[in-house]
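Q: Please take a close look at one part of this model and describe how it is built and what surrounds it. Give the cut-off for each term where it comes up.

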Amino acid sequence: MSAAHCFTEGQSMNGYYITAGITDRNSNSGAQTIAIANGVWNSAMPYNEYALNNDFIILKLSSALSFNTNVGPACLPEPGFAPDSTGQTCFVSGWGTLNSGNEIF
């Protein structure tokens, strides 16, 4: 999964890669770099750059990651899970933005 604002909906992923397993952005020690095969956008509720809603894309990789101490599976809900609508918050993290007006870390 990545931020939708990093891509243009429907774009080719040829030449794009992900790197997993890095715990220090200044070191590639333990890194796994894999090509992105394609992106899956949320077409029912597209990303809105002004409201910042739905700023995600699911990236399908060309091959599997090897799970280790620094790389593991995402926790996914059960197939029948239906979240309530009480305004709960979800937090994600990363190492910066491409263009948000904020300082890039």
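A: Of the 105 residues in the protein chain, 14% count as buried, where buried means under 20% relative accessible area, exposed over 50% and partly exposed in between, with a 1.4 Å probe and protein chains only. This is a predicted model, in which local features need pLDDT of at least 70 and side-chain atom pairs count only at pLDDT 80 or more, while totals for chains, interfaces and linings use all residues. Residues are numbered from 1 along each chain as its sequence is written, and side-chain values use heavy atoms, with hydrogens and water left out.

The part to look at is the sheet. The protein chain has 0 helices and 3 strands, in the pattern β-β-β along the sequence. Helices (H or I, at least four residues) and strands (E, at least two) are DSSP runs, numbered from the N terminus. The strands form an open sheet in the order E1-E2-E3, with antiparallel pairing; two strands pair if DSSP finds at least two bridges between them. Strand E1 (17-20) and strand E3 (58-61) are the edge strands, each pairing on one side only. From one strand to the next the twist averages 55°, taken between N-to-C directions of lines fitted to C-alpha atoms, on a scale from 0 to 180 degrees.

E1 and E2 run antiparallel and are joined by 4 bridges; across this pairing, isoleucine 18 stands opposite isoleucine 34 in E2. Strand E2 (residues 32-40) is also joined to E3 by 4 bridges, again antiparallel. Here isoleucine 36 has leucine 61 as its bridge partner in E3, and valine 40 stands opposite isoleucine 58.

Glutamine 32 lies in strand E2 and counts as buried because its relative accessible area is 13%. Its side chain reaches the backbone oxygen of serine 66 at 2.8 Å. Leaving aside neighbours within four places in sequence, glutamine 32 is in contact (heavy atoms within 4.5 Å) with residues including Ile18, Thr19, Ala20 and Val71.

Methionine 1 is found in the segment before E1. This residue counts as exposed because its relative accessible area is 70%. Methionine 1 and isoleucine 57 are 56 residues apart in sequence, yet 5.6 Å apart in space, C-alpha to C-alpha. Not counting residues up to four places away in sequence, methionine 1 touches Phe56, Ile57, Ile58 and Leu59.

For the chain as a whole, residues 24 or more positions apart account for 57% of the contacts with a separation of 6 or more.

Note on methods
Polar contact = N/O pair within 3.5 Å; in protein donor to acceptor, adjacent residues only side chain to side chain.
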